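Work through these exercises with the model open. Each task is followed by a stepwise solution.

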Amino acid sequence: MKEKKIIAVVGATGAQGGGLVRAILNDPSGEFAVRALTRDIHSDKAKALARLGAEVTAADLDSETSLTQAFTGAYGAYCVTFFWTHFSPEKELAEATTMAKAASQTGLQHVIWSTLEDTRRWVPLTDNRLPTLMGKYKVPHFDAKGEANAVFSKLGLPATFLLTSFYWDNLIHFGMGPKRGQDGRLAITFPMGDKKLPGIAAEDIGKCAFGIFKNGRELIGRTAGIAGEHLTGAQMAATLSTVLGTEVLYNSVSPEVYRNLGFPGADDLGNMFQFKRDFEKDFCGARSLAFSRSINPDLLTFEQWLLENKNRIPLEGKAAQA
Ligand SMILES: NC(=O)c1ccc[n+]([C@@H]2O[C@H](COP(=O)([O-])OP(=O)(O)OC[C@H]3O[C@@H](n4cnc5c(N)ncnc54)[C@H](OP(=O)(O)O)[C@@H]3O)[C@@H](O)[C@H]2O)c1
């Protein structure tokens, strides 16, 4: 029997990595096997992955030794960092460097680096259209990921640079769902004006990543941008209204207002949305829907995702359902 190619998945208990783990385990061809990396092999989520058939292995981005051990013998790795657990772009760059070094030491044949744009290429620090944050970033959780691309390239890794998109799941987990205004009407709030926001079902990121691994060497050395749909706030609100069966409006605010909403990271996200708004052509252009569907034929539209998840959208005055 032909030996399976092992894919080591960082963040396997999370959104992106979890989608990839499930995509590999659900593949009837069985060409690949999955090694799910977690800091705690005894957690409920880790045990659930083991029950599905994944090999579960301990690894921590803070320890290069643990990653090198976890990558050993693998064909490929999915590398992702977790900005929102520490809010530090410097730490994110260090984590990416640790993964890249471990991938290099273990001679992996294909690495997918989950990245985003370094927005300073479009808006240099001297450009005050976006306020500079944390001393040297415009969109901290984007910029360090983009900066880390060079680390993978310099080490000569066989890498695909995966440009991800806004998860529609943020409407469930990230406090971005419809909220009631003072007039009592439900609205989603984004500082996007009438520009389009590329979005995706988080689960589809892993499915797209699997499509990239399955394509073999074709996408090595290339940037692959993915999205399920490019939608304006008004279009998202219209679909929410139809699927939820209750009116949802689109509340378009200025980036300045969004930056000052007062939750941790609001300034970073305000700059992020402004970047997506002001560079809509580049940002959407880097995320082809046709390409995304070619590597993941199951790719969901916003409406399809919403039909599957409508009972999980927390509406003020109505508790979220599991
Ligand atoms: N939300 C969005 O719209 C969006 C869009 C594009 C990109 N992103 C980016 O996506 C990234 C997060 O990915 P995600 O959403 O898949 O994450 P997630 O669902 O929050 O998953 C986090 C997982 O990471 C693991 N983890 C955390 N710290 C770790 C460490 N030090 N070492 C090893 N594993 C660690 C945890 O696993 P264990 O507890 O099992 O170890 C956890 O299950 C962020 O950097 C964010 O900027 C987000």
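**Exercise 1.** Find the backbone and side-chain polar contacts to the ligand (a polar contact is a pair of N or O atoms within 3.5 Å).

Solution. Start with Gln 16: one of its backbone N or O atoms lies 2.8 Å from a ligand oxygen atom. Go on to Leu 61, where a backbone N or O atom is 2.9 Å from a nitrogen atom of the ligand. Finish with Asn 170, which places a polar side-chain atom 2.8 Å from a ligand oxygen.

The model is predicted: local features need pLDDT of at least 70, side-chain atom pairs count only at pLDDT 80 or more, and totals for chains, interfaces and linings use all residues. Residues are numbered from 1 along each chain as its sequence is written, and side-chain values use heavy atoms, with hydrogens and water left out.

**Exercise 2.** Is Leu 261 buried, partly exposed or exposed?

Solution. Locate Leu 261 in the loop between helix 10 (255–259) and helix 11 (266–278). Helices here are DSSP runs of H or I, at least four residues, numbered from the N terminus. Then apply the cut-offs: buried is under 20% relative accessible area, exposed over 50%, partly exposed in between (1.4 Å probe, protein chains only). Leu 261 has 46% relative accessibility, so it counts as partly exposed.

Notes: A polar contact is a pair of N or O atoms within 3.5 Å; within protein, one must be able to donate a hydrogen and the other to accept it, and residues adjacent in sequence count only if both atoms are side-chain atoms. Helices (H or I, at least four residues) and strands (E, at least two) are DSSP runs, numbered from the N terminus.
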